[in-house]
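Please keep the structure open while you go through them.

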Amino acid sequence: MNTTNKQVRLGLNGDEAVAYAAYHADVDVISAYPITPQTIIVERLSEFVYNGELDAEFIAVESEHSALSAAVGASLAGARTFTATASQGLALMYEILYIASSLRTSIVMALGNRAFSAPINIHCSHDDAYAARDAGWIQFFAENVQEAYDLTLIAFKVSEDKKVLFPSIVNLDGFILTHSVEPLNIFEDKQVIKEFLPDREAVNKIDPSSPITYGPLALPDYYMEIKKQQAEAFKSTSIRIKEIFGEYEEFSGRSYSPLKKLYVDDADIVFVVLGSTAGTMRTMVKRWRENGEKVGVLSLTLYRPFPSREVAEVLKDVDTVVVMDRSYSFGSPGGQLYMDVAAALNKYGKYNRLVNAIYGLGGRDFTPEMAEDMLNASKDPSIREIWVGVRG
Amino acid sequence: MSRIRRLNEIPRKELFTSGHSLCAGCGIPPMVKMALKAIEGDKVVVNATCCLEVATTLYPHTSWLVPWVHNAFENAAATASGIESAMKVLLRKRDGKKYKIIVFGGDGGTFDIGLQSLSGALERGHNFLYVCYDNEAYMNTGIQRSGGTPLGAATTTSPAGRVIPGKPENKKNLMDIVIAHRVSYAATINPAYPTDMWNKFAKASDLLDKNEGPIFFHYYSPCPVGWRMDTALSIEAARLAVQTRLWPVYEVDHGKIIINIKVNKPKPIEEYLKIQGRFRHLLKPENRGVVERLKKYIDNNWNRLLKLAELDSIY
Amino acid sequence: MSSWPNKWEELPIGGVVDKPGNSLEVKTGSWRALKPVIDLDKCIKCLLCWVYCPDNAIIRRDDDYVEVDYEYCKGCGICAHECPTKAIDMVEEGGE
């Protein structure tokens with residue numbers, strides 16, 4: 001089906017694009033609290049609701065903890081449910097992240113990635129996304145504003161799918177994507193989207209005619225079986241996610257897959273990266289290739305469930321894998337993405353040389369010069385961890 | 001639901017079943033089973049983490065015959081906000097069903113850790129009934145003091161020590177906090193006065209039908225284990241709490257305060273204190289001062305309420 | 001419990017309990033040390049015991065007289081203490 005004629009091209013920043021996606025998804029309940037850099041999302045959605053363009057309940061809660069708590073209630077009650085947050089807000093939600101997943105809700109959250117305090121900082125790190133990595137949420141990373149819009153629509157479809165039933169996070173780099181205006185294609189209106197994303201048909205929703213007890217106390221005799229079921233169900237979501245990527249491509253003309261690779265197949269050095277920096281690295285790698293460097297880039301659109309097998313397959317013949325982390329895991333063997341990549345390679349019997357590059361913390365610009373430094377350092381066999389662009 | 005004068009007017013059908021593991025003599029079930037009967041029509045319960053939650057849903061069992069949702073400790077009001085919002089929007093947009101939402105939380109989950117989410121929900125005006133069952137300490141974790149623990153009471157974190165004889169602070173006035181949100185209807189309820197309790201739930205049911213929530217009830221919930229009291233004395237303690245004026249039974253109906261149980265000749269507070277181990281140390285001569293402080297607190301609270309009840313509205 | 005699945009593959013998803021009121025399978029009468037015995041000759045059908053019983057262990061008959069459900073009664077004694085006509089005695093379990 002060719003629906004490109006049902007789309008319009010315009011300029012939006014990432015937050016606005018996400019707000020349009022939630023609006024176009026005809027979301028039922030929005031439960032959110034303002035926090036930079038996601039605030040524009042909830043401001044735009046408030047306008048859609050207050051101007052009567054979107055028939056939704058906007059719950060202007062008094063904290064992020066309540067934002068996610070209310071979202072859990074709304075999702076269990078059968079509503080298409082959206083929230084958005086960043087950094088400290090995600091940290092305040094932390095307790096409820098696990099509950100939202102374990103109760104198998106279908107909440108979609110936009111996360112305007114921002115560094116954790118202290119010192120307080122409003123700019124991009126991936127601390128918040130990483131903090132949620134173990135909680136049982138599907139996580140997508142947008143590389144640009146178009147992806148932020150598309151992945152939000154995809155996230156609703158994925159989370160509400162009867163073979164999935166897990167909440168989703170759509171990550172977009174704070175300020176770099178949330179506040180940068182880029183051209184993108186969006187669908188003309190809500191009606192167009194219904195073909196791809198019909199009204200939610202909730203499973204096991206709150207219904208007085210079939211009383212269910214949600215969130216009981218389970219002790220050692222059953223807790224482990226309940227977790228095993230959740231673990232297996234979460235692993236298996238990747239099958240539907242890939243199928244839904246395909247359905248969206250058919251619907252929108254834009255292609256998505258868990259991984260994006262450039263010049264990886266014959267590369268000696270591959271950089272693994274999340275978020276907007278993938279674009280920067282693609283530009284750099286093209287430049288380096290012109291100079292004869294055998295380098296490539298692998299970026300992940302799907303971060304959770306982690307596409308371990310695919311990552312290992314892509315990287316199997318690469319000498320040096322440079323994993324770029326926009327965060328730091330104190331006391332761990334490496335950054336959070338580094339540990340995932342290392343474990344994925346190990347799981348499939350690959351023992352590449354791994355280098356961890358820590359970059360861009362708290363919104364530090366990642367410049368071409370820094371990329372050059374990173375490339376050079378990664379060739380030094382004595383170096384295993386690089387703090388890109390740090391003074392000292 | 002109509003008001004009752006006699007208990008035989010209460011319907012037989014229970015929506016809260018036996019087989020739960022609440023302690024013998026627990027004061028919570030008489031309120032819960034009455035709430036589920038008096039709140040008419042379809043309903044959904046939201047439960048904060050608390051005694052009621054753990055003791056009635058020990059997997060794979062449940063004592064609930066209505067949809068029941070437990071999210072976490074401090075967020076029952078927020079969870080109810082989400083359910084109510086979803087219900088409203090789905091009624092407008094799709095095939096949604098209408099139901100009433102009842103929230104149960106203990107004193108820890110309401111006075112303390114859940115106060116913020118309660119305040120937010122009350123301010124936003126969601127249509128639900130929130131019942132705080134107040135057993136005056138964190139009983140679920142083993143009797144630690146809460147903002148609802150009364151002056152002088154011994155708990156495991158405010159023991160009757162050699163230097164400090166029980167909790168040094170007075171109980172927080174939760175009703176005042178709730179009323180500050182100008183809710184349509186707030187009331188204290190007490191199991192020793194079951195027809196009063198029923199009629200308040202019936203009124204809440206009518207108000208929920210008219211979308212006049214949020215409504216708030218503060219329930220006196222006797223706890224024989226936490227109060228170190230004979231299990232048979234739960235209702236007796238509840239009655240004495242009212243008759244000593246420690247626990248005024250009143251309602252705030254659209255700002256008008258009405259004292260429902262008049263206590264013209266209060267009993268001495270010592271009658272209440274002496275049946276509970278948590279207060280027994282207060283009866284020693286050296287702790288006379290604490291009892292005097294408690295009496296003053298009771299008098300001030302009662303007299304203030306009498307004065308407020310003279311006003312047409314406190315809103 | 002007998003009807004509840006044991007294996008992870010068979011449990012309802014989301015950790016829910018979808019058998020409303022199935023705690024009736026848990027017979028809490030074994031907790032009891034003292035048991036209430038009702039003398040119906042003294043019962044005035046006020047139903048206070050029925051309203052107060054934390055365990056729904058007072059059965060309200062069609063004629064509004066009451067009986068004890070010993071499968072669930074935990075023996076707290078509230079019914080005996082609150083009975084206005086002293087129609088309920090608490091006796092040692094095993095005695096009469």
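1. Residues 24 or more positions apart make up 79% of the contacts in chain A that have a separation of 6 or more, where two residues are in contact if their C-beta atoms, placed from the backbone, lie within 7 Å.

2. This is a predicted model, in which local features need pLDDT of at least 70 and side-chain atom pairs count only at pLDDT 80 or more, while totals for chains, interfaces and linings use all residues. Residues are numbered from 1 along each chain as its sequence is written, and chains are lettered from A and ligands numbered from 1 in the order in which they are written.

3. Of the 392 residues of chain A, 56% count as buried, meaning that 20 or more other C-beta atoms, placed from the backbone, lie within 10 Å of the residue's own.

4. Strand 11 of chain A (residues 269-273) has five of its five residues buried, so this strand is largely enclosed by the rest of the structure; strands are DSSP runs of E, at least two residues long, and helices are runs of H or I of at least four, numbered from the N terminus. Ile269(A), Phe271(A) and Val273(A) point one way from strand 11 of chain A, whereas Val270(A) and Val272(A) point the other way.

5. Strand 11 of chain A pairs in the parallel sense with strand 12 of chain A (residues 295-300) over five bridges, pairing being assigned if DSSP finds at least two bridges between two strands. Within this pair, Ile269(A) has Val295(A) as its bridge partner.

6. Four bridges also join strand 11 of chain A to strand 14 of chain A (residues 320-325), and these run parallel, with Val270(A) opposite Val321(A).

How values were computed:
A residue is buried if 20 or more other C-beta atoms lie within 10 Å of its own, exposed if 12 or fewer, and partly exposed in between; C-beta atoms are placed from the backbone.
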